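Please keep the sequence and the model in view while reading.

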Amino acid sequence: EAFPGVWVAGEVQRLRPSRNGHLFFELVEKGEGGSGDQIAGKLEAVIWRTDLQRLQRELRRSGQSLVEGMAVRCLAAVEFYPPGGRLQLTVREIDPLFTLGLLARRRQETLAALAAAGLLERNRMLALPPLPLRVGLVTSQDSAAFHDFLGGLRESGYGFQVLLVHAAVQGAPAEREVASALRAVAALGVDCVVLVRGGGARSDLAAFDSRRIAEAIATLSVPVLTGLGHEIDRSVADLVAHTALKTPTMVAEFLVRRVEEAERRVVEAARRLTHGALERLGADSQALGRAEERLLRAAAVLVAERARLDEAARLLVAVAGKGLARGDDRLRRNAWALAAAAPRTLQRRRRARRALGERLVRAGRAELRGVAERCAGLERVTAQLAPERVLARGFSITRTAAGPLLRRVSEALAGERLLTSLADGTVASRVEGPAAPPAGSDERGASPR
């Protein structure tokens, strides 16, 4: 009685319509601060039939419907039901702007996170095969979207192969099941993956704004095509997909057109190849005809040439016989002349060789005499310049005990031992002190006795 009307926000779970037209459900709060999967608080709630019809009309005007997993803010009376011993909320109003604002905020946060991770364009950068006949399908089995998509492919007459992985496409399990189904069907070796569902309220499509499904699409190794059945807004799943179309039927039409285009290109290529081959065959046929004509003319020419060749061979045999006889006579005469002239030629060659050898001997002897005379002159000069001859004329050579030649008085150190070479031997001496060099001393280290 103290709370005739309070605003309560939470997540709708366990929707249970009754046969009387009433709607029972649970309003829960998950985790601390509304996050996580652990339920932190729960209240039973009911919307009576008269209020439910009115609230459903108001939600539809904003593109929403009451579904599980939907976050709502509702005006409710807190009531106690004595027969059941339970406390429950009787919902009178639902704020549609609260749900829309919450969905929009979550959508923007998801898009920002995907952009920061570089996932918005990742799937779109994959190459869609020109002939996508092996298709992976993720949707609710036996749904309208399932039949619309398969019907569009079947009517085309092409050999599409569709591999279905079932997933709930709305409600609380949709986010988890769709993400798992996308990864499962992509592992089957398909050309592309198709994610479709039928039309619905904006809140029915909330799962396709989730980050979990968006990341699953973006990270697949095959292109993803979406047809989520909404005509106005594009979900986050559409934004990260390779190709986004409005409905399942439009996705089927897109695939059929792509196969038709591939077939058209093949037919056009076959037509061009056939036309080119026929033109080439025609040209080659004409060239073959001309070659055959030339071959026939060449055959006639060969027959005539063979006849002339036979006649020329006959004449050649006759002429060659006579020529060989004359040549044989000339060969015998030349042989006789060569036999007579050969001894005289050999004798002239021998005399010429002997004369050449004598000239070479004479020239060599003259050269050797000149060399001997030059060597004798050099020997005399060398003997005159020998060190012994210089020492015999009264000169001497003085060195330090270590061996270097003593050239100047300043190089002699007091107390140093010196060795002086004379013509007939060596004299050792020791320096007593510095002295002026005597007149007539030789700077080269040789001094007169």
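With a relative accessible area of 35%, Arg92 counts as partly exposed, a class that lies between buried (under 20% relative accessible area) and exposed (over 50%), computed with a 1.4 Å probe and protein chains only. The model is a predicted one, in which local features need pLDDT of at least 70 and side-chain atom pairs count only at pLDDT 80 or more, whereas totals for chains, interfaces and linings use all residues. Residues are numbered from 1 along each chain as its sequence is written, and side-chain values use heavy atoms, with hydrogens and water left out.

The side chain of Arg92 meets that of Glu79 in a salt bridge of 3.8 Å, N to O, the term standing for a side-chain nitrogen of Lys or Arg within 4 Å of a carboxyl oxygen of Asp or Glu. This pair links distant parts of the chain, since Arg92 belongs to strand β5 and Glu79, 13 residues apart from it, to strand β4 (residues 71-81). Helices (H or I, at least four residues) and strands (E, at least two) are DSSP runs, numbered from the N terminus. Glu79, at 31% relative accessibility, is likewise partly exposed.

A search of the whole structure finds 21 salt bridges, including these:

| Pair | Closest N and O atoms |
|---|---|
| Arg54 and Glu93 | 3.1 Å |
| Glu311 and Arg314 | 2.3 Å |

Arg54 lies in helix α1 (residues 49-61) and Glu93 in strand β5 (residues 86-94), so their pair ties together parts that are 39 residues apart in sequence. Both residues also take part in a network of salt bridges that links Asp51, Arg54, Glu58 and Glu93. Glu311 and Arg314, by contrast, are three residues apart in helix α7 and therefore separated by about one helical turn.

Helix α7 spans residues 248-384 and contains Arg354, which is exposed, with a relative accessible area of 53%. Together with Arg344, Arg348, Arg349, Arg350, Arg351 and Arg353, Arg354 belongs to a patch of positive charge on the surface.

The protein chain as a whole has eight helices and 14 strands, and 30% of its 449 residues count as buried. The C-alpha atoms fill a box of roughly 160 × 120 × 30 Å, taken along the principal axes.

Notes
Patch = residues over 30% accessible without salt bridge, like charges linked within 9 Å, V, L, I, M, F, W, Y side chains within 5 Å. Areas by Shrake-Rupley, 256 points an atom, 1.4 Å probe, with all protein chains shown as cover. Lys, Arg positive; Asp, Glu negative; His and termini not counted. Charge placed at Lys NZ, Arg CZ, Asp CG, Glu CD.
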